Amino acid sequence: MKGNNEEALQVHRQRFGEPGRRFAAPARVNLIGEHTDYTGGLVMPMAIGFQTVAIISGRQDGRAVFYSANYEEEISLEPGPLQVAADGRWADYPSGVLWALQQENIAVGGFNMTLAGNVPLGAGLSSSASIEVATAMALLDHAGVAIPLQKLATLCRRAENEYVGAKSGIMDQFVVAGAVAHRAMLLDCRSLTFELLPLPDQVRVVICNSMVKHAVATGEYGDRSDEVEAGQAVLQRELPGVKLLRDATLADLESCKDKMSAASFARCRHIITENQRVLEAREALLHDDMKQFGALMVEAHKSMRDDFAASCEEVDKLVEIAMQQPGCFGARITGGGFGGCTVNVVRAEAAEQFVANVRKDYAAVTGITAECFVSAPSDGALAMAESDGAR
Ligand code: GLA
């Protein structure tokens, strides 16, 4: 069961004895702007063609029933308010969304929901935001409530932070819900305003999965964000104009260097320079300057590796190999880090050969076969629901 729409509709009908309405949400890849979102910074992600689908129909007894076609497992929740009760399994995500809706006083009647998806897990492509947003779209429709993009993304982030218990910013939920095909999204995570930017026709975005899943990824993400928060707290205390790290300059950071740990200093330096790189990447895109865009990606990778200490040997290798290939403008680690995928911007006509070479060279040095996907910017969940009318 791989998130195929028709198949999922059929599974739902067979299991629950009636047809359901279908909602879908994509995955995402971040082109540049890593670990900036939870300090009100700038990011530039795009949605990609993997999907989670949520099929929903009503039930009379008020229970909330989630069936995962991927795990072939069902959970059934009593009617009434949910308590936070995450157990580290797939059902935390949809249950968390139901909980977050309840926190907003959105009443959702009893339902059966089938979830199915093909987003690679643990690869840094936001399988969790994809499940959250697909679930939220279906539950909101069932409740007969429409909410704006900002609220939808915030609610899904809340499910992840407060119910699932994973620290994360708002980038993933926002782009998975609000992306538009053929465009990258420059999102300001402080104001939640965004700009849609065209990617030139002559390039392709290639995602390469290092296949390295760091079991302690959540822990490492949490450590980094703690180090960032500690540095941000010093800046806030010392410099009245700094409300968020986003407001600080490198000179501000330097002036507080001896008041924070070396780790906090380096993490904050990554974020301050990364915000600047996102702005420069925007300029590069607007001027069709992919050479400059690629150079910024490489800088961003180095900063993630050295200042943020969130890369790993295999991913560094994957970036190094990518940069040796003809037609590759830029390559970097993408997502939370500590393994997962790289994102590469490659000349369209070179993309196929790029994939073949990278796979071959990466296997030769690591013994690992990377999975690579040539991805085009796709629609987010809201645009998908609009264009094909959820059914
Ligand atoms: C994960 C989080 C995002 C963001 C990225 C790093 O994907 O969910 O909020 O912090 O890591 O940029």
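Helices α2 and α4 cross in a right-handed way; a crossing is right-handed if the near helix is turned clockwise from the far one by less than a right angle, and left-handed if anticlockwise. Before going further: this is a predicted model, in which local features need pLDDT of at least 70, side-chain atom pairs count only at pLDDT 80 or more, and totals for chains, interfaces and linings use all residues. Residues are numbered from 1 along each chain as its sequence is written, and side-chain values use heavy atoms, with hydrogens and water left out.

Helices and strands here are DSSP runs numbered from the N terminus (helices H or I, at least four residues; strands E, at least two). Two packed helices are described by the angle between their axes and the distance between the axes. The axes are lines fitted to C-alpha atoms, for helices over the stretch in contact, with angles from 0 to 180 degrees between N-to-C directions.

For α2 and α4, the axes come within 8 Å and cross at roughly 110°. That makes the two helices, α2 and α4, roughly perpendicular (angles of 65 to 115 degrees; under 35 is roughly parallel, over 145 roughly antiparallel, the rest oblique). On the α2 side, the residues in contact include W99, A100 and L101, and on the α4 side they include R158, A159 and Y163. Contact means heavy atoms within 4.5 Å. By class, the contact of α2 with α4 has nine nonpolar, three polar and four charged residues. The classes are: Ala, Val, Leu, Ile, Met, Phe, Trp, Tyr, Cys and Pro nonpolar, Asp, Glu, Lys and Arg charged, and the others, Gly among them, polar.

Helix α9, residues 290–306, and helix α10, residues 313–323, have axes that come within 12 Å and cross at roughly 160°. α9 and α10 are therefore roughly antiparallel to each other, and their crossing is left-handed. From α9, V298, H301 and R305 meet V315, D316, V319 and M323 of α10. This contact of α9 with α10 divides into four nonpolar, one polar and two charged residues.

On to the rings. Rings of Phe, Tyr and Trp (its six-membered ring) pair if their centres lie within 6.5 Å; planes under 30 degrees apart count as stacked, over 60 as edge-to-face and the rest as tilted. The count comes to six aromatic pairs. W99 and Y163 form a tilted one, 6.0 Å centre to centre with 50° between the planes. W99 lies in α2 and Y163 in α4, so the pair ties together parts that are 64 residues apart in sequence. Both W99 and Y163 are buried, meaning under 20% relative accessible area, with exposed over 50% and partly exposed in between (1.4 Å probe, protein chains only).

F174 and F194 have ring centres 5.7 Å apart and planes at 70°, so this pair is edge-to-face. F174 is buried at 0% relative accessibility, whereas F194 is partly exposed at 34%.

Where does D172 lie? D172 is in helix α5, counts as buried at 17% relative accessibility, and has R28, S126 and A129 among the residues it touches. In α5, eight of its eight residues are buried.

Last, G340 sits in the loop between β9 and β10 and is buried, with a relative accessible area of 4%.

Conventions. Lists of a residue's contacts leave out its neighbours within four places in sequence.
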